[in-house]
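Thanks for coming. I will go through one structure today, a piece at a time, and you can follow along on the screen.

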Amino acid sequence: MTTIPVYILTGCLGAGKTTMLNQLLREPRFASRKLALIINEFGKMGVDAKLLDRGSYNKYEVNKGSLFCICTQADVLKALDEIAADGSMEALLIEATGVAETRDIEGFVLEKHFAGRFEIKANVCLVDAVNYTKTAPFLKTVNAQIRQADGLIITKSDLVPASDVEQLGIIISAINPHVPIAVAGGAQENADFIEHLRHRDISGELAESPPADIIAVSMQSSSPVNKAAFLKAIGSFGQRILRLKGNVAFADGTEFVETVFDRVIHKPACEELGTSTAFTVIGWQTSKEELTKAFENTWCSA
Amino acid sequence: MTGRDRIRKAFRCEAVDVTPWVPFVGCHAGALIGKTTTEYLKSADLIEQGMARAVQLYDPDGIPVIFDLQVEAEALGCNLVWADQTPPAVCGHPLANGTKLEDLKVPSSRKARIAMAIEAAKRLRKRFPDIAIYGLVTGPFTLALHLLGTDIFMKMFDDSAYVNHLMRFCTDVGLAMSRYYIEAGCDVIALVDPMTSQIGPDQFTQFVTAGATRIFDSIRAQGALSSFFVCGHAQQNIGVMCDCRPDNVSVDENIPLDFVRDECLKRNISFGGNLQLTTVLLLGTEFDSQKNAIACIDVGGARGHILAPGCDLPYSTPPLNLQAITKVLRDEYQRGIIRAMATSEEKQYTLDMAEYGHADKVIVDIITLDSEACAPCQYMVDAVRKVAPEFDGIVEWREHKIKYRESLVFMTSLMVRNIPTICIDGKITFVSRIPPKNELIEAIQKRINEKFLMRIRQKKATVYILGKDSEKRKLLRSRIDQARQELGSDVDIILVEDDNAIQSYGVHASQTPAVVIAKHQLKSAGNVMETAAIREWLKDLS
């Protein structure tokens, strides 16, 4: 009875997991092995599996039946059972859903029922350089997957300024300081990175809820906003404001304000949001109270 | 008290006679009647048949009509992919594929499979007047994800007004579905919103609270009970879920039940959960299932707890596991046993009982919780106590109270699983049944007879006559035959004529005819004995 090495690929929806998986399947050190794939993609029934290059691997789609982690357990366990029983597989690649808790997936693989059959070699999380800061405060698995990973790969770096990639690296490094971070490269580079990762057992560390280090606060006011004070407030947070977006009713008229890291963009007001102030701000290493207080101080009546 | 009454009282956090039991039998009912999920979830007839079978097998206090969170989504234009052993999955999100939110209309009770679900609810209500019927409604956030897909997480930042608009629509759908189920006779409306486990309390408050609260207020105004279901890692949201004012919050094994209990009860909200769906109910044994159920009801306590799995039972869940839970719930003595056996330490330490019951006397062991505290145990002990003297000292009896660890080990070693039980010479003979006097006497007598026969077989003897054929040997043989006849003995007689063989008995040829008597005793059969035991036998011979 041989132990099957397991590679887990996680990351938010649209982060490029399927692209990465296809790269790995073409890369000789994976392609030369008899592979089993478990594809578990939320709400995109079969799409990811169809996108995958045709190969000689055994493929198991476990998103049939439900979108909910707990309800897919039976399917995941069934797939693992079949792979273990097959006896000929030399490696298992799992592409996890973007809303999956990685600890659940690791739990399935390490279930006592499969004792000795599987060994997690690497858990890799892809981080989307374009959308990370938008989704992290709303979808809690985004950071949970980063925390649980053995290595992080930043994708879509060509779509944002280099400074954004650098800042993103700082943020995700703060969330998981124990693991290497790479920017996605060619198939060989990515496979090298994954092959050299060492799996960390951090089940104990995750027993408690992690701090909410990226938060979103929605602000509304019918009072006019002091423009200078508002921009100063943004500046005072420096890199701790990741994004801000919405209408701001300044004394000289309402504008649509959007920030991405330190870049501030002013546009005409969004009519759907009305004429009063209504915006959402995403902060890092700050608190809801600090953000609220800082912006409420820019209301003219304050 | 009927199951329906029990559920109602538990929902009001009033004391109940026993923890109510609601197995969420969804697609599993299809398995019970040999149908695929695809067949089952499309037919009110099959749902009625499947649930009737589930009621027969599991004796529940409450049952869901169906457990399929894609019913509303399908009626609103989501494409589904069907499977044999799991509920369907949404594979196309209309709002992500060009449909405008303004074009979506709250479906009527006749739309798509909603009509079938409501028809099934009416039939179950009529057929099971004493069981609480749960109508399961897709929660607004989960329905919003079905309609828009995961873009919703980006839109929460990019276009929160749109997300709020969408949530209001999904709330309207939930209000309508709740009304349909209540009108069909459902006692409980469960708002099932598992995808809220993906967001934190701030986002929950921003996007979910208002709609969920409206739905629960509406259910209350219509005189029905409400439950808020969530599964997954949603511990962070239990407080804000309670703030929506449901009558009950139901969770799966990802959230500690004691945490949910404390959060709910301080707000006078009942709570449900949290049997382990896969590792125990699907993959575990009956004993695992019973242990898990006991752990849940012990944590849940006497007030406000509904025993349930955290989600739809897997299609292939072994019925015996669920029946074992019913048994442990309905039988307080069975609960006592499982509690006592529930530690792995005791499981690992057992006695070697291979040679038990080979003593001269017949041993009657009565395994009890405690005959002073458990009525059936007392009656069983009394029955044995009265009968034993009739055997004039041949029968010895003893009670093993499993509240003591050594008794528990003894019970486990004898493979006893029910209390009270009578074992005669280590063999389980009467289980949870007080035998009538004659039956008990007969069972003990049977064992005495067996032992007597065994003794006869064990005590075999042989007479060896050493020496070649001669007049003296003939005379000796005839006298031995006569003695055997007079005694009725069945000893074997063997003639040994070979000189070497005669010498091996320590007899010289000149001393023949000679007689050697050997008495045989069966020491073991079918076992490879330890050297220490064999050494003791040899000592007896020397």
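Let me start where the two chains meet. Chain A brings 39 residues to the contact, and chain B brings 39 residues as well. Please keep in mind that this is a predicted model.

Which elements of chain A supply at least two residues each to the side that touches chain B? They are the helices α4 (69–86) and α6 (132–135), together with the strands β8 (214–221), β9 (241–250) and β12 (277–284). Of these, α4(A) gives the largest share, with 7 residues. As for the kinds of residue on that side of chain A, there are 17 nonpolar, 13 polar and 9 charged.

Now chain A as a whole. Its 302 residues include 48% that are buried. The chain has 11 helices and 12 strands. If you take the contacts in chain A with a separation of 6 or more, 76% of them join residues 24 or more positions apart.

Strand β10 of chain B, residues 362–368, runs antiparallel to β12(B) and is joined to it by 4 bridges. Here B:V364 stands opposite B:I424. Strand β13 of chain B, residues 427–431, also runs antiparallel to β12(B), again with 4 bridges. In that pairing B:I424 stands opposite B:K427. So much for the pairs; now the turn. The hairpin of β12(B) and β13(B) has 2 residues between the strands, and B:D425 takes a positive phi near 50° there.

Let us move to another sheet in chain B. This one is open, has 3 strands in the order β15-β14-β16, and its pairing is mixed. Why do β15 and β16 each have one side without a neighbour in the sheet? Because β15 (492–496) and β16 (514–519) stand at the edges, and each has a single partner strand. From one strand to the next, the twist averages 20°.

Within this sheet, strand β14 of chain B, residues 461–466, pairs with β16(B) in the antiparallel sense over 6 bridges. If you want a place to look, find B:I465, which stands opposite B:V515 in β16(B).

Now a helix. Among the buried residues are B:P140 at one end, B:H146, and B:L147 and B:L148. Just after α7(B) comes B:G149, which takes a positive phi of about 80°.

My last stop is B:A533, which is found in helix α24 of chain B, residues 531–541. Is B:A533 buried or exposed? B:A533 counts as exposed, because there are 12 C-beta neighbours inside 10 Å, and the cut-off for exposed is 12 or fewer. How far is B:A533 from B:D288, going by the C-alpha atoms? The two are separated by 37 Å, and they are 245 residues apart along the chain.

That is what I had. Questions, please.

Definitions and conventions. Residues are numbered from 1 along each chain as its sequence is written. Chains are lettered from A and ligands numbered from 1 in the order in which they are written. This is a predicted model: local features need pLDDT of at least 70, side-chain atom pairs count only at pLDDT 80 or more; totals for chains, interfaces and linings use all residues. A residue is buried if 20 or more other C-beta atoms lie within 10 Å of its own, exposed if 12 or fewer, and partly exposed in between; C-beta atoms are placed from the backbone. Two residues are in contact if their C-beta atoms, placed from the backbone, lie within 7 Å. Two strands pair if DSSP finds at least two bridges between them. Axes are lines fitted to C-alpha atoms, for helices over the stretch in contact, and angles run from 0 to 180 degrees between N-to-C directions. Ala, Val, Leu, Ile, Met, Phe, Trp, Tyr, Cys and Pro count as nonpolar, Asp, Glu, Lys and Arg as charged, and the others, Gly among them, as polar.
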